[in-house]
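Subject: The structure we talked about

Hi there,

Here is the structure I promised to pass on. Please have it open while you read, and my notes on what I found follow below.

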Amino acid sequence: MEVQITRTKLIKPSAPTPPHLRILKLSPVDQIQYSIKPAALLYYSADGSTGAEEVERRINRLETSLSETLTRFYPLSGRYIEDGNWIDCNDEGVEYFVAKVKGCRLTEVLSRRDEIMDQLSHLAGGGFTSPVLSIQINMFDCGGLVIGIRVSHHLFDGFSAACFITSWATASRNGGIDDHEVISPTFDLTSFLPENGLRLPKMKPRPPLMGTDNGVTKRIVFDGAKISALRAISHDPSFPRKPSRVEVVTALIWRAHMGVSLAKHGRLRTSLAAHSMDVRTRIVPPLPPSSCGNLVSRATARFVAAASGAGNTEVPELKDLVGLLIGSMTKCKETAVTREDVFPTLLRTRNELHEAVEKGEVDVFMFTSWCNFPAYKIDFGWGKPVWVSRIHSGYEAATFLDTEGGDGIEAWLSFNNQGMPLFLQDKGILAFTSQEAL
């Protein structure tokens, strides 16, 4: 698969950003995010009408609707000023690439995912460049399209990115932003969530990222039937509720990680499973609808290993880990947070994890779920995507995405080369998944 960039430009908002919105101060939580641009890829199949002229028309429609959407999502066309921790909303523009994909059809990409996964980053565009948002439109000779989107984590979390992408798609599909379906976002979290005068927790330094040279990413798939079976064997009458599909998949992966750690260290270590959780619905009083920024806490389940003896050489039962996850995630979902406590709470949960990493005697496994995001409903005017994917990431984490049918989970796992083979041979992983290599 050869990806050839044919067009590069900066897409500016169709109307200038008002002067009073020129400076967007980042919140304390925005400021401490990693300087990364997570990527999402949306794959659209060709149809019978997708000739060269139609493809070009679609490219033009994407460009025009993006420019219009940026008038509402104006910080995306600005530049991140690291020294001052703010976004200069100068309308300099979104980084925009158009590329031709040669050597294969989109159907081949979809049928050979296990063979070409290492090439998906070529479809994402932008990398670690300075623009806040980078987009790449990839045209296949067959008429298929892949839209690659990267956005800076300093400005957006997953909820915010989903708001932008769905708004852009709606503007493209409906012919403009003058539509009640297009979201009107708000960005200035610091005007709603108090910061001044609070004793914020001291920010711990970030632990180093894994580094792409030392890591590998694998995609393993849990179909709906396997997840149903996993939920059945993972439930216990003592639980306050039935476990969710995200909780049982997390528990299975967490347990397999524990097995890798046990093999490495010769003993079971205390370990944490930390899931990113949106706090928007928990804030009292509520924020304006579609508040964008980083509003993510961590629901952290802790397994404490025995100091010695048999309990120190055997991984726990799956039900035990599911129970811990239900407890931590239920508490996180149901605990209200006042506006005054939002920033201190988010910074505290972040610092607790980093302190555990620094001590070195505790294993920390990070999880993020994109499940239930409307990814497979994103229609730019020519149908819904046939696949939504990520790419290899340079930091240790597991990210969950829905399968196309909505009842399964694709788990994208990134961690070090040495541990991955042993992880994939875990009996639970083998029993409940299919595996595809990146």
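If you want a pair to click on, K25 stands opposite W86 in strand 5.

Before the rest, please keep in mind that this is a predicted model.

**The chain as a whole**

The chain contains 13 helices and 18 strands. Its radius of gyration is 22 Å, close to the 22 Å that the globule rule gives for 438 residues, so the chain is as compact as a globular protein of that length. Taken along the principal axes, the box filled by the C-alpha atoms is roughly 70 × 55 × 40 Å. Of the 438 residues, 54% are buried. Looking at contacts between residues at least 6 apart in sequence, 80% join residues at least 24 apart.

I137 stands opposite I147 in strand 8.

**Around strand 17**

Is strand 17 (residues 409-416) mostly covered or mostly uncovered? It is mostly covered, as seven of its eight residues are buried.

Two pairings of strand 17 are worth a look. Strand 9 (residues 215-222) runs antiparallel to strand 17, and eight bridges join them. In that pairing F222 stands opposite I409 in strand 17. Strand 16 (residues 397-402) also pairs with strand 17 in the antiparallel sense, over six bridges, and L401 stands opposite E410 in strand 17. Strand 16 and strand 17 form a hairpin with six residues between them. In the turn, G406 has a positive phi of about 95°.

**Helix 8 and its two partners**

Helix packing comes next. Two packed helices are described by the angle between their axes and the distance between the axes.

Helix 8 (residues 224-234) packs with helix 10 (residues 318-334) at an angle of about 90°, and their axes are 9 Å apart. That makes helix 8 roughly perpendicular to helix 10. On the helix 8 side the contact is made by L230, I233 and S234, and on the helix 10 side by L318, K319 and V322. By class, this contact has four nonpolar residues, one polar and one charged.

With helix 9 (residues 245-265), the axis of helix 8 comes within 9 Å and the crossing is at roughly 80°. Helix 8 is therefore roughly perpendicular to helix 9. Helix 8 contributes I227, L230, R231 and S234 to this contact, while helix 9 contributes R245, V248, V249 and L252. These residues divide into five nonpolar, one polar and two charged. L230 and S234 take part in the contact with helix 10 and in the contact with helix 9.

Finally, have a look at A306, which lies in the loop between strand 12 (296-303) and helix 10. The relative accessible area of A306 is 33%, which means that this residue is partly exposed. Which residue 38 positions away along the chain has its C-alpha atom 7.8 Å from that of A306? That residue is L268.

Best wishes

Technical notes. Residues are numbered from 1 along each chain as its sequence is written. This is a predicted model: local features need pLDDT of at least 70, side-chain atom pairs count only at pLDDT 80 or more; totals for chains, interfaces and linings use all residues. Side-chain values use heavy atoms; hydrogens and water are left out. Axes are lines fitted to C-alpha atoms, for helices over the stretch in contact, and angles run from 0 to 180 degrees between N-to-C directions. Helices (H or I, at least four residues) and strands (E, at least two) are DSSP runs, numbered from the N terminus. Angles under 35 degrees count as roughly parallel, over 145 as roughly antiparallel, 65 to 115 as roughly perpendicular and the rest as oblique. Contact means heavy atoms within 4.5 Å. Ala, Val, Leu, Ile, Met, Phe, Trp, Tyr, Cys and Pro count as nonpolar, Asp, Glu, Lys and Arg as charged, and the others, Gly among them, as polar. Two strands pair if DSSP finds at least two bridges between them. The radius of gyration is taken over C-alpha atoms; the globule rule is 2.2 Å times the number of residues to the power 0.38. Buried means under 20% relative accessible area, exposed over 50%, partly exposed in between (1.4 Å probe, protein chains only).
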